[in-house]
Amino acid sequence: MCTVSFVAYRTQVYLTSNRDEKQTRARAIPPAPLHTASGTLLFPRDPVAGGTWIAVKDTGDAAVLLNGALYPHQPAPPYRQSRGLVILHILKREDPYTFLVQYNCTGIEPFTLILFTRKQLYEYRWDGVEKFVTHLDATKSYLWSSATLYSPEVMGKRKRWFDEWLINNPEPTQQQITRFHRFAGDGDAANDLFMNRNNETYTGSISSIAINENSIKMNYWDAMENTGFISESGSYSNVV
């Protein structure tokens, strides 16, 4: 939920997420398909609230969520619903973007949602009071870090790592991007992309989606269990 990259290369895009979580949080359920009227979704699931932080549909629509919006906020539970349900609600729709901009966020904790739909890229932030929607250039690459965990200075440092990585990897693959999410940093465990703060908050998994004109692929690695998942094709017929 807390570090996300979007990488565009030729006709392919990659959406990758490091889920940073508290040690007390329940282990996520590995990705599984969900058939809906508008297509089949694939996503890992939070076993408590039933939502997710990253999902892709066999149409090529995909979304990923980070905790927090523009600035750190003070949690004020109880909330009406989990942020992780927003992704499922919008991707079940034929037109996820229109549904998202009309979405009622009242009573939901602040979040940032990255949506790739119909080959367009959007950044949507909810700060608890206002919505901020930005239409991004889907031919460029971006990195986001959660405002709830990382200061502006650390965000800037991480962005520099990402820019350097893009220069050194002009023809990026999903494997290379996943390695960046696993190993990028300067040895500061609290703020490296694969982070660990005194074993209380740490990166629990890395999820990566690759979308091109002919196929969709999701890779998922549970760092705590050291187990992986790979799916290929929009039908997810060979999910393992």
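**Close-up views of a predicted model**

**View 1. The salt bridge between Asp 46 and Arg 19.** Both Asp 46 and Arg 19 are buried (under 20% relative accessible area; exposed is over 50%, partly exposed in between; 1.4 Å probe, protein chains only). The model is predicted: local features need pLDDT of at least 70 and side-chain atom pairs pLDDT 80 or more, whereas totals for chains, interfaces and linings use all residues. Residues are numbered from 1 along each chain as its sequence is written, and side-chain values use heavy atoms, without hydrogens and water. Asp 46 and Arg 19 form a salt bridge with closest N and O atoms 3.2 Å apart (a side-chain nitrogen of Lys or Arg within 4 Å of a carboxyl oxygen of Asp or Glu). Because Asp 46 is in the loop between strand E4 (39–45) and strand E5 (54–57) while Arg 19 belongs to strand E2 (residues 12–22), the pair ties together parts 27 residues apart in sequence. Helices (H or I, at least four residues) and strands (E, at least two) are DSSP runs, numbered from the N terminus.

**View 2. Further salt bridges, and a network.** The whole structure contains 9 salt bridges. Arg 27 meets Glu 21 through their side chains, at 3.5 Å from N to O. In this pair, Arg 27 has a relative accessible area of 28% and is therefore partly exposed, while Glu 21, at 4%, is buried. A further bridge brings together the side chains of Arg 83 and Glu 109, with an N to O distance of 3.4 Å. This pair links distant parts of the chain, 26 residues apart: Arg 83 is in the loop between strand E6 (62–67) and helix H1 (84–91), and Glu 109 in the loop between helix H2 (96–101) and E7. Arg 83 and Glu 109 are both buried.

**View 3. Aromatic pairs, including Phe 6 with Phe 116.** The search of the whole structure finds 10 aromatic pairs (ring centres of Phe, Tyr or the six-membered ring of Trp within 6.5 Å; planes under 30 degrees apart are stacked, over 60 edge-to-face, the rest tilted). Phe 6 and Phe 116 make a tilted pair, at 5.8 Å centre to centre with 40 degrees between the planes. Phe 6 in strand E1 (residues 3–9) and Phe 116 in strand E7 (residues 111–117) are 110 residues apart, so the pair links distant parts of the chain. Both Phe 6 and Phe 116 are buried. The two also belong to one aromatic cluster with Tyr 142 and Trp 144.

**View 4. The nonpolar cores.** The largest nonpolar core has 26 residues, of which Phe 6, Leu 15, Val 56, Leu 121, Trp 144, Ile 209 and Ile 211 touch the most other members. A core is a set of buried Ala, Val, Leu, Ile, Met, Phe, Trp, Tyr and Cys residues joined through side-chain atoms within 4.5 Å. Two or more residues of this core come from each of E1, E2, E5, E6, E7, strand E10 (142–145), strand E12 (201–211) and strand E13 (216–222). Another core, of 20 residues, lies apart from it and includes Phe 43, Ala 55, Tyr 103 and Trp 126.
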